[in-house]
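Thanks for coming. I will take a few minutes to go through one structure and the ligand in it. Please have a look at it first.

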Amino acid sequence: MHSLTPPVRRPRRLRTTPAMRELVAETTLRPADLILPMFLAEGLEQPREIASMPGVHQHTTDSLLRAAHEALDAGVRCVDLFGVPLPEHKDATGSAAGNPEGVLNKGVRALREEFGDDLLIMADTCLDEFTDHGHCGVLSTDRHGATVVDNDATLPLYQEMAVAQARAGAHIVSPSGMMDGQIAAIRAALDTQGFADVAIMAYSAKYASAFFGPFREAVGSSLEGDRRAYQQDPANARESLLEVELDVAEGADFVMVKPALPYLDILCRVADASPVPVVAYQVSGEYAMIQAAGQRGWVDGQQVMMESLLSIRRAGADQILTYFATEAARLLR
Ligand code: PBG
């Protein structure tokens, strides 16, 4: 007698060949999804490699432009510039940040002159590289005598900084300091100064993360202590949705989740809720870990790089800030 076996689902049928796998791939990665963070340092004769971020440099203006050309040639359409001032140009209010002749604004100008509208120039809108205490805002003393980062006293400085960046040629400003109300304040300043066309990429869900470690070397940070009084607690997910909601209501054109890989759950929830593009920042520590293990041959660095970027996209990121942008884009072309 003919024996009837129940039909068996065979998911492996869709994994058999490269053509089949490509046919059914749900997630894609394009060079244009990637944004390259870059560092321009004052007073350098030569670009200086950041020890804990092999392959990433503090740039001179010349090497910055060269590296930006390489990124564009690989298909990257946006770079995010951070300024590294000389220590003597740091002060309590980070005044070099709003100075048109400050390192960051000069870098933005140089990039815009070189590339026009072919490459989007984004500028980091935060005081921490420019303050002598290393905090993202200005300090004051509260009514109990404690030193605190003063939210509302910081907002006018962010406004000044964003307007200076827009004037220098930034297409996008990116407030990363986690002050409440920073998006509304910056939007209002840009609009009243004639920069209604400049977009805001809001660091909305930014966690007080040890994964930022190598970045502190990259920008020569003066910070002692931590940023837990303004960046989010890694224990919390819900407040990310509140931060996103507020930033969108205040006029954010993009919202960001940062770091990326340890926070894919946050990214997934934000991507479900956000009406604007969602960006993830694969931060310095994530980059350093992949590079370190890759250099030792403990993992295949290139494959882990691509898998991490694909995972970040799969979790819901529309764009990814990554120090791998040029290298990954070349592999994707
Ligand atoms: C602050 C800022 C930081 C990073 C981007 N912007 C550091 C911090 O908040 O301490 C970290 C980026 C990285 O680790 O790659 N302006």
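Where does the ligand sit? The ligand sits in the largest cavity. Before going further, please keep in mind that this is a predicted model.

Next, the surroundings. There are 17 residues around the ligand, and the closest are D128, R216, K258, S284 and Y323. Sorted by class, this shell consists of seven nonpolar, three polar and seven charged residues.

For R216, an N or O atom of the side chain is 2.6 Å from an oxygen atom of the ligand. Q231 also has a polar side-chain atom facing us here, at 2.8 Å from an oxygen atom of the ligand. With S176 the ligand atom is a nitrogen, and the distance from there to an N or O atom in the S176 side chain is 3.1 Å. As for cover, the ligand on its own has 400 Å² of accessible area, and the protein covers 100% of that.

Let me come back to R216. Which helix holds R216? That is helix 6, which runs over residues 213-218.

Last, the record. Which residues does UniProt mark as "binding site"? The UniProt entry, which is unreviewed, gives that feature at R216 and R227. Both R216 and R227 are included in the lining of the largest cavity. To put R216 together: UniProt lists R216 under "binding site", and R216 is among the closest residues to the ligand.

That is what I have for today.

Definitions and conventions: Residues are numbered from 1 along each chain as its sequence is written. This is a predicted model: local features need pLDDT of at least 70, side-chain atom pairs count only at pLDDT 80 or more; totals for chains, interfaces and linings use all residues. Side-chain values use heavy atoms; hydrogens and water are left out. A residue is near a molecule or strand if one of its heavy atoms lies within 4 Å of it. A polar contact is a pair of N or O atoms within 3.5 Å; within protein, one must be able to donate a hydrogen and the other to accept it, and residues adjacent in sequence count only if both atoms are side-chain atoms. Accessible areas come from the Shrake-Rupley method with a 1.4 Å probe; for residues, only the protein chains shown count as cover. On a 1 Å grid over the protein atoms alone, a cavity is a set of points where a 1.4 Å probe fits but cannot get out, and a pocket is an open set with protein on both sides within 12 Å along at least five of seven lines; lining residues have an atom within 4 Å of a point. A molecule sits in a cavity or pocket if more than half of its atoms lie within 2 Å of its grid points. Ala, Val, Leu, Ile, Met, Phe, Trp, Tyr, Cys and Pro count as nonpolar, Asp, Glu, Lys and Arg as charged, and the others, Gly among them, as polar. UniProt positions are given in the numbering used here, feature names are shortened, and annotations may be inferred rather than shown by experiment. Helices (H or I, at least four residues) and strands (E, at least two) are DSSP runs, numbered from the N terminus.
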